[in-house]
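Please have a look at the model first.

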Amino acid sequence: MDSSYSVISKKSYVELQKQHTKLLPPSDEESFVNDFDDSRCLVEQADDLDFDIADYPLSRGKSSQGSGIYGAVFNLTTSIIGAGIMALPATMKVLGLVLGFVLILLMAVLSEISVELLIRFSVLYKSRSYGEVVQFAMGKTARVLSEICIIVNNGGVLVVYLIIMGDVMSGSLHHIGVLDQWLGNGFWDHRKVLILVVMVVFLAPLCALNKIDSLSVTSAASVALAVVFVVVCFAVAAIKLVEGTIDTPRMSPDFSSKEAILDLLVVIPIMSNAYVCHFNVQPIYNELEGRSPHKMNKVGRITTAICVVVYASTAISGYLLFGVATEADILTNFDQDLGIRFSSAVNYVVRIGYILHLVLVFPVIHFSLRETVNTLLFEGSPPLSESKKRSLGLTLVLLALIYIGSTMIPNIWTAFKFTGATSAVSLGFTFPALIALRLGKQSNTLSFVERSVSWLMLILAVVVSIVGTVGNIYSIRSKSD
């Protein structure tokens with residue numbers, strides 16, 4: 001039989017999309033029917049080939065099923081704006097307004113550059129996950145290390161979410177919980193029981209979903225709730241600023257004592273943790289409708305702009321509101337009189353709104369955590385979307401471990417300062433810089449400016465990691481003494 005088709009090589013990468021496309025552009029109906037017989041023969045021959053279509057990722061192309069740009073923006077924004085925003089006002093208290101604002105901008109720019117480099121080389125080397133592109137650049141050992149970093153970072157972030165929920169609803173050592181203010185004493189005073197109820201009733205059903213695109217609506221809602229939080233904080237700070245009831249803020253870091261210097265060393269890794277979303281870039285890109293590097297870069301830039309506005313507004317207004325009394329988790333500050341009309345109502349709106357935000361963010365971070373654990377433990381197995389039992393089993397185990405972690409870690413500052421100095425800075429800067437330098441040299445696709453920025457990110461990441469780790473160790477020792 002004559003055919004214009006040839007058998008696909010076993011070593012060839014092919015692009016396959018879940019879409020409705022015409023294999024042939026027939027000039028008329030008769031030619032289409034004749035060619036259909038030929039194509040059916042090709043399919044029969046291809047059945048004998050020794051490769052699994054699922055092993056070859058989708059790098060470019062148009063998909064009729066997937067999220068649009070704004071759905072992708074919501075998912076990526078949700079990956080970034082989580083519990084970290086609660087610690088930013090406390091970082092302003094340590095860094096001062098000027099240096100704090102400069103670092104928010106600097107980290108945003110460097111993070112966006114690292115995301116765009118990651119997208120470029122993921123597409124170029126047809127990588128469907130963060131670990132795969134790391135393996136192309138540095139080998140299997142580096143891939144395993146990167147996946148461990150994702151597990152530590154995402155697991156730590158989810159533990160922080162549960163800690164915040166417990167602090168706000170049940171209260172902490174120095175602050176009253178929302179439920180205590182509403183209902184008085186009850187079973188909700190038992191923090192562990194309350195967190196367990198929230199996890200089983202609200203978090204588990206969302207975490208059981210198998211596609212990140214399924215979370216686009218909840219991501220949009222979570223971003224809206226975050227914006228409400230920012231607007232309320234900014235409005236209250238503006239009112240108090242006009243009334244002249246805000247204390248003069250610190251504009252620069254304090255170097256007057258050993259304790260102040262240690263706080264400065266610890267807070268820098270927390271700032272580097274602010275924009276880490278790289279573990280979710282490939283999953284979001286894979287489900288982007290009509291995906292291309294240019295389109296994903298647009299998603300990244302819109303997301304970065306949103307996050308800069310949200311972060312700067314929250315950090316500055318939060319610090320102006322509470323000054324030296326700003327807590328590591330600023331939500332806990334909203335149990336006191338704000339000095340404005342309807343203070344109690346504002347407090348409730350802020351705390352309850354952000355708890356709902358965290359509930360909706362939780363499954364997005366959990367998605368990449370579960371995918372990474374699956375890849376690490378069940379390499380070569382079918383995707384989780386094709387194995388509901390394995391997906392459900394991993395979800396239950398991970399939620400149980402995260403719950404146990406939330407009962408053992410004292411506060412979010414402790415969690416953030418360690419993940420920020422280790423796994424977060426590695427995922428956000430170290431690995432993307434090494435990927436760009438290694439693969440850019442092989443493919444000769446990296447410009448002089450991009451190479452220079454990659455080296456800058458790598459040096460910055462190493463310095464931040466060393467300084468943060470040393471600061472954490474000294475901080476623990478000084479407290480124990």
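Let me begin with a definition: a residue is called buried when its relative accessible area is under 20%, exposed when that area is over 50%, and partly exposed in between, using a 1.4 Å probe and protein chains only. Helices (H or I, at least four residues) and strands (E, at least two) are DSSP runs, numbered from the N terminus. The model is a predicted one, in which local features need pLDDT of at least 70 and side-chain atom pairs count only at pLDDT 80 or more, while totals for chains, interfaces and linings use all residues. Residues are numbered from 1 along each chain as its sequence is written, and side-chain values use heavy atoms, with hydrogens and water left out.

I turn to the chain as a whole. The protein chain has 16 helices and zero strands. Of its 481 residues, 51% count as buried. A contact, in what follows, means heavy atoms within 4.5 Å. Among the contacts in the protein chain with a separation of 6 or more, 82% come from residues 24 or more positions apart.

The expected span of a helix is 1.5 Å times one less than its number of residues. How enclosed is H2 by the rest of the structure? It is largely enclosed, because 10 of its 12 residues are buried. Among these buried residues are Ile69, Val73, Asn75, Leu76 and Ile80.

One of the neighbours of H2 is helix H13, residues 343-377; the two pack with their axes 9 Å apart and at an angle of about 95 degrees. Here the axes are lines fitted to C-alpha atoms, for helices over the stretch in contact, and angles run from 0 to 180 degrees between N-to-C directions. Angles under 35 degrees count as roughly parallel, over 145 as roughly antiparallel, 65 to 115 as roughly perpendicular, and the rest as oblique. H2 and H13 are therefore roughly perpendicular to each other. H2 contributes Asn75, Thr78 and Ser79 to the contact, and H13 contributes Val361, Val364 and Ile365. By class, this contact of H2 with H13 holds three nonpolar, three polar and no charged residues. In that classification, Ala, Val, Leu, Ile, Met, Phe, Trp, Tyr, Cys and Pro count as nonpolar, Asp, Glu, Lys and Arg as charged, and the others, Gly among them, as polar.

Gly300 lies in helix H12, residues 293-322, and is buried, with a relative accessible area of 2%. The C-alpha atoms of Gly300 and Glu116 are separated by 7.7 Å, although these residues are 184 residues apart along the chain.

Next, helix H14, residues 388-408. Its 21 residues reach 31 Å from the first C-alpha to the last, close to the 30 Å expected at 1.5 Å a residue. The buried residues of H14 include Arg390, Leu394, Leu398 and Tyr403. What covers the buried residues of H14 includes helix H6 (140-170), helix H8 (191-207) and H13.

Towards the end of the numbering, Leu458 lies in helix H16 and counts as buried at 12% relative accessibility. Leu458 touches Thr430, Ala433, Leu434 and Leu437, again not counting residues up to four places away in sequence.

What of the cysteines? A disulfide is counted for a pair of cysteine sulfur atoms within 2.5 Å, and the structure holds zero disulfides. The sulfur of Cys307 is 7.6 Å from the closest cysteine sulfur, in Cys277, which is too far for a bond. Cys277 is buried at 2% relative accessible area, and Cys307 is buried at 0%.

I close with the backbone. Most residues other than glycine have a negative phi. Lys126, however, has a positive phi of about 50 degrees; it sits in the loop between helix H4 (97-124) and helix H5 (130-138) and is partly exposed, at 21% relative accessible area. For Asn444, phi is also positive, near 55 degrees. Asn444 lies in the loop between helix H15 (412-443) and helix H16 (448-480), and it counts as exposed at 65% relative accessibility.
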